[in-house]
Amino acid sequence: MPTAPTAYTPTAEPVSHHVRARQLLRAHPEVKRLMTRNANTALITAGCVAGQVLATYLLHGHAWYWSLLAAYVLGAFVCHTLFVIVHEATHNLIFKGQWANAAVGIAANLPMVIPTAMSFRKYHLKHHSALGDFDHDADLPDHYEARLIRHYAVGKAIWLFFFPIFQVVRTFRCRSVVPFDKYIAANWVAQILFNVGMYLWLGPSAFVYLFFSFWFSVSLHPVGARWIQEHYLVLSPEQETTSYYGRLNGVHLNIGYHNEHHDLPGVPWNKLPELRKLAPEFYEPLQHHTSYTKVLLRFLFDQELSLYSRLVRGLPTASAVPIAK
């Protein structure tokens, strides 16, 4: 009977995206015109931030559980879009200047309460350049996570609920990334000013909706399944990245086009579907997801999947510690 992997799947193959990008550009040099910027993303940022502030104002004075419910059914989706905007700013896909993009990312971060945008930038860029490298890619779970969670539904649900904490702890493993710079300092200053302003205006209750909107957007929620969709070996034991082509791409700025994004990270979100259409022979053969809910349920209840269901590069044999039986 097949069982969940008890160690990472090692690979000596080069990152598939680097190989495919070279092949794609040779076969379709016209895709270079898609590498541009989309300043309209800044307007979407303003709308989402204003929407979260308005929702917080409307929930002020109501019982805390209404804020919690609203955070799950509404706020998590808005925050997920804001997180995608942070991602776009990370790749400088909104404006030309790095500070201008950082400003949009910091603004998108404001309703999330916790200043994470500029830290994400540093670790995410390393994720692209060192995909699957255990010492450099903070997207990979630590061994203690996999041994602790194992392959049971309850454990995986707890892990996904506390995913933001696990993600922060992983960053200490990635010593090649300088953990602080002027962008992070600006992120913290802006966030503190926003939080103080919200507290003086609406009091501590304002943070119930805002904080849990952020938490659910990267946690045990259908949109939180994106963390599984992107690089876990759910559909294939060999395909290290899997795209999502479901309806929520229309809400979350095509973030599901993950193979396309990793292949050509200079293409903004509004051009990713066009990239796939211009080079169908590269993407149609790849397996893909169509439902975040299905991804979430399969990950939770399929005991053949564990946190070790990942391809890893540069991992010494002695470090491939199996889950204790």
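**Exercise 1. Are helices α4 and α5 parallel or oblique to each other?**

Solution. The model is predicted; local features need pLDDT of at least 70, side-chain atom pairs count only at pLDDT 80 or more, and totals for chains, interfaces and linings use all residues. Residues are numbered from 1 along each chain as its sequence is written, and side-chain values use heavy atoms, with hydrogens and water left out.

Step 1. Locate the elements: α4 spans residues 98–109 and α5 spans residues 117–129. Helices (H or I, at least four residues) and strands (E, at least two) are DSSP runs, numbered from the N terminus.

Step 2. Consider the axes, which are lines fitted to C-alpha atoms, for helices over the stretch in contact, with angles from 0 to 180 degrees between N-to-C directions. The axes of α4 and α5 come within 9 Å and cross at roughly 120°.

Step 3. Apply the cut-offs: angles under 35 degrees count as roughly parallel, over 145 as roughly antiparallel, 65 to 115 as roughly perpendicular and the rest as oblique. Helices α4 and α5 are therefore oblique to each other.

**Exercise 2. State which residues of α4 and α5 meet, and classify them.**

Solution. Step 1. Contact means heavy atoms within 4.5 Å. On the α4 side, Q98, A102, G105, I106 and N109 take part, and they meet A117, M118 and R121 of α5.

Step 2. Ala, Val, Leu, Ile, Met, Phe, Trp, Tyr, Cys and Pro count as nonpolar, Asp, Glu, Lys and Arg as charged, and the others, Gly among them, as polar. The residues of this contact divide into 4 nonpolar, 3 polar and 1 charged.

**Exercise 3. Determine whether I255 is buried or exposed, and describe its surroundings.**

Solution. Step 1. I255 lies in the loop between β2 and α12.

Step 2. Buried means under 20% relative accessible area, exposed over 50%, and partly exposed in between (1.4 Å probe, protein chains only). With a relative accessibility of 6%, I255 counts as buried.

Step 3. Neighbours within four places in sequence are left aside; I255 is then in contact with H80, V84, H87, R226, N249 and Y292. The C-alpha atoms of I255 and T81 are separated by 8.9 Å, although these residues are 174 residues apart along the chain.

**Exercise 4. Compare the backbone and the accessibility of R150 and N254.**

Solution. Step 1. Most residues other than glycine have a negative phi. R150 has a positive phi, near 60°, and phi of N254 is likewise positive, near 60°.

Step 2. R150 is placed in the loop between α6 (143–149) and α7, whereas N254 is placed in the loop between β2 (243–244) and α12 (258–263).

Step 3. R150 is partly exposed, at a relative accessible area of 24%; N254, at 11%, counts as buried.

**Exercise 5. Describe the chain as a whole.**

Solution. Step 1. The chain has 15 helices and 4 strands. Its radius of gyration (over C-alpha atoms) is 20 Å, close to the 20 Å that the globule rule (2.2 Å times the number of residues to the power 0.38) gives for 325 residues, so the chain is as compact as a globular protein of that length.

Step 2. Of the 325 residues, 54% count as buried.

Step 3. Among the contacts with a separation of 6 or more, 78% are accounted for by residues 24 or more positions apart.
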